[in-house]
Amino acid sequence: MSKARANILQRLTAVERPVVDLSARESLSRFDWDKAERIRRFTERMQAVRAEVHQADRANWLDTVATICQQKGLNNLLLSPTTEWGQAITQNAERFPTLKYYERSIEDWKQEMFYEVDAGLTSTLGGIAETGTLILWSSPDEPRTLSLVPPIHIAILETDKLYSTFAEAVQEQGWLEQGLPTNALLISGPSRSADIAQVLAYGVHGPKELVVVLV
Amino acid sequence: MAKPTEFRVDVEKALGKTEIRAHFRKAMDTLMINRRNQFPDDAALQALRTQAQAIRANALSKLPELLQQLETNLIKNGVQVHWAETTDEANQIVLGIMQKHNAKSIIKGKSMVSEEMGLNHFLEERGIEALESDLGEFIIQLDGETPSHIIMPAIHKSKEQISALFHEKFPDIPYTDNVDELTASARRILRDKFYAAPVGLSGVNFAVAETGTLCLVENEGNGRMSTTIPPVHIAVTGIEKVVEKLSDIPSLLSILPRSATGQPITTYFNMISGPRKPDEKDGPTEVHLVLLDNGRSRIYSDPELLATLRCIRCGACINHCPVYVRIGGHSYGTVYPGPIGTILEPQKSGLSVHGELIQASSLCGACGEVCPVRIPIPNIINRLRYDSVRKDTENTPTQEAGTRRKSLEAATWKAWSWAASTPSVYNFGSKTATQLRGLVPNNLGAWTSVRSAPKLAEQTLHQQLKTLGVDHE
Ligand code: SF4
């Protein structure tokens, strides 16, 4: 359809371009919140959309995750064995439900992935305090479906990667310079819908529960 | 009397449906309150609107260059780019991709452009199943309906109606009117469909030229599923959706969901920059983008009408429209209802098709006030009204301009304009009118069916001002 392309571009270029006032365009939204304030806002926003937020630290996060798995009665947990978190959990496997590793292409185990995984655990690239948001970048270790298909998503967020706004995160983390991954994702709560008579329901297509562990 | 048009008949019908009208009223009230709560600080809101407007206006001012940059970067990222001048071409492109893969079904995330294309109907006529996976779209598809709102497609339906519908279509599932259970049933049904679907389709909220990235805003995860699970992903979008830079995105993402549903942000914001890489374990192996014109480049050629293309499809103008809330989305008979539909549809398809919509406005101005990208919707409605009766039709790109021009009406206005600008005639006329005021009939047709007839004053305004001692010079 290169004819369509040529025609469209020809019509668009034939037009005298409007002069635009761009003075407002570049302003970058960010807030001077200290770490405690960022954590407070993040937690408040997440809880407002029914996500669970657990405060932990480097010393005890493993206990926190183990307790979450226990309380939710998980039979298994899907994770990447290569992340810092995945390695630690693997070394303490006896404290966790059966560990499943995302090691094959989805085609090779789609049935199991779709119908037999209880929860997926992922790391995060950071968080956003203003909106209560997790940032996830897909990678060979932590593929897109890990945070999408299982009914529960457990995410680990390091609080020193908590930015005040999305704009700040994009700039501070140098997204443009790094180059975007196949899939960059913002997650701000469990999957939800208000399509039936404006009544909120959770777990429409994505995870029904989102559990954030702050370290 | 002339036969009432289809639009008038539909409006009349819709006005009689008190139950549905109550749903709309309640839903729109909630949406308006939710939006207001998201913007407690008016100065901040106005600054954000100005910024969003500048971002979109900037993109439009460089549209052909940005589309080419987007294409170059998408191709570099491994995405295949297709261009379509008409909806038919766009449908053919989708069909061609499906045939190449021998695909007999497609699963769809929410996309208004695919509604614009009439894609479902087109594919079904060719023996291909097109299944909607957005919960609202899924529900109306079950009932053979079209969306009544661009963000909440099934907003006209009550919980009871949806329960009955599920029971009718899925007799194996026990009847329930519990929303959680209904949602769980839909999840189960659609999971199996996602599992098996050979092709997924989505819309695009913003396309970033600088990085070759397609952005999708959603709450349910149907967009993520449609763009991640099937081996082939086809995205369809209007050519106007491009923005220049990655740094343009956060502000648009900040204002879109707040204006739309009053959420600070949607559950998911999905930025797709290509198909699965060799070392990745999931995601589609093929990603396509279809860029659709369908009249947009014509709108682009007019400096005033161009503002229409800034739209980010938030639906705020719809939620705040006193006409929409009364007549509902279906009466418009268009893909896009409400104020945005009122200005967009006649421009896309010509004034003879949906030109009547531009009369269906009280010009209250609410739409223009809430629009996050400051589209002067009331001005554009006025402009289109002018286009519909203007004589110099070569000066507007609007199709079928001038077709509503009536010679008697035109002559009347011409005479009026002459009289009003000729003081002697005006004074004589207005004085005579006050003297003959008793002759104004009480019955003035449609006007007096719901109002009392106007009465002329005893004295002209000039006389009254003189009595009051106002010096008008
Ligand atoms: S015209 Fe403005 S308010 Fe209406 S949908 Fe578009 S962006 Fe939103």
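How much area is buried between chain A and chain B, and what percentage of it do carbon and sulfur atoms give? In this predicted model, the area buried between the two chains is about 7200 Å², and carbon and sulfur atoms give 59% of that area. Of the area that chain A buries against chain B, 12% is supplied by Arg25(A), Ile196(A) and His205(A), more than by any other three residues. In terms of contacts, 75 residues of chain A meet 91 residues of chain B.

Polar and charged interactions between the chains were also counted. Between chain A and chain B there are 41 residue pairs in polar contact, with both residues at pLDDT 80 or more. Seven salt bridges are counted between chain A and chain B. One of these joins Arg11(A) to Asp293(B), with 2.9 Å separating the closest N and O atoms. On the side of chain A that touches chain B, at least two residues each come from helix H1 (2-13), helix H5 (110-115), helix H6 (166-172), helix H7 (175-178), strand S9 (183-187), strand S10 (192-193) and strand S11 (201-202) of chain A. H1(A) provides the largest share of this side, nine residues. By residue class, the side of chain A that touches chain B consists of 39 nonpolar, 20 polar and 16 charged residues.

Between the chains, S9(A) pairs with strand S9 (residues 268-272) of chain B in the antiparallel sense, over five bridges. Within this pairing, Leu186(A) has Phe269(B) of S9(B) as its bridge partner. Within chain A, strand S5 (residues 126-128) and S6(A) are likewise paired in the antiparallel sense, over three bridges. Here Gly126(A) has Ile135(A) of S6(A) as its bridge partner.

One salt bridge within chain A is formed by the side chains of Glu44(A) and Arg40(A), with an N to O distance of 2.9 Å. Both residues belong to helix H2 (residues 35-48) of chain A, where Glu44(A) and Arg40(A) are four residues apart, about one turn of the helix.

Definitions and conventions:
Residues are numbered from 1 along each chain as its sequence is written. Chains are lettered from A and ligands numbered from 1 in the order in which they are written. This is a predicted model: local features need pLDDT of at least 70, side-chain atom pairs count only at pLDDT 80 or more; totals for chains, interfaces and linings use all residues. Side-chain values use heavy atoms; hydrogens and water are left out. Contact means heavy atoms within 4.5 Å. Buried area is the accessible area (1.4 Å probe) that two parts lose on being put together, summed over both. A salt bridge is a side-chain nitrogen of Lys or Arg within 4 Å of a carboxyl oxygen of Asp or Glu. A polar contact is a pair of N or O atoms within 3.5 Å; within protein, one must be able to donate a hydrogen and the other to accept it, and residues adjacent in sequence count only if both atoms are side-chain atoms. Ala, Val, Leu, Ile, Met, Phe, Trp, Tyr, Cys and Pro count as nonpolar, Asp, Glu, Lys and Arg as charged, and the others, Gly among them, as polar. Two strands pair if DSSP finds at least two bridges between them.
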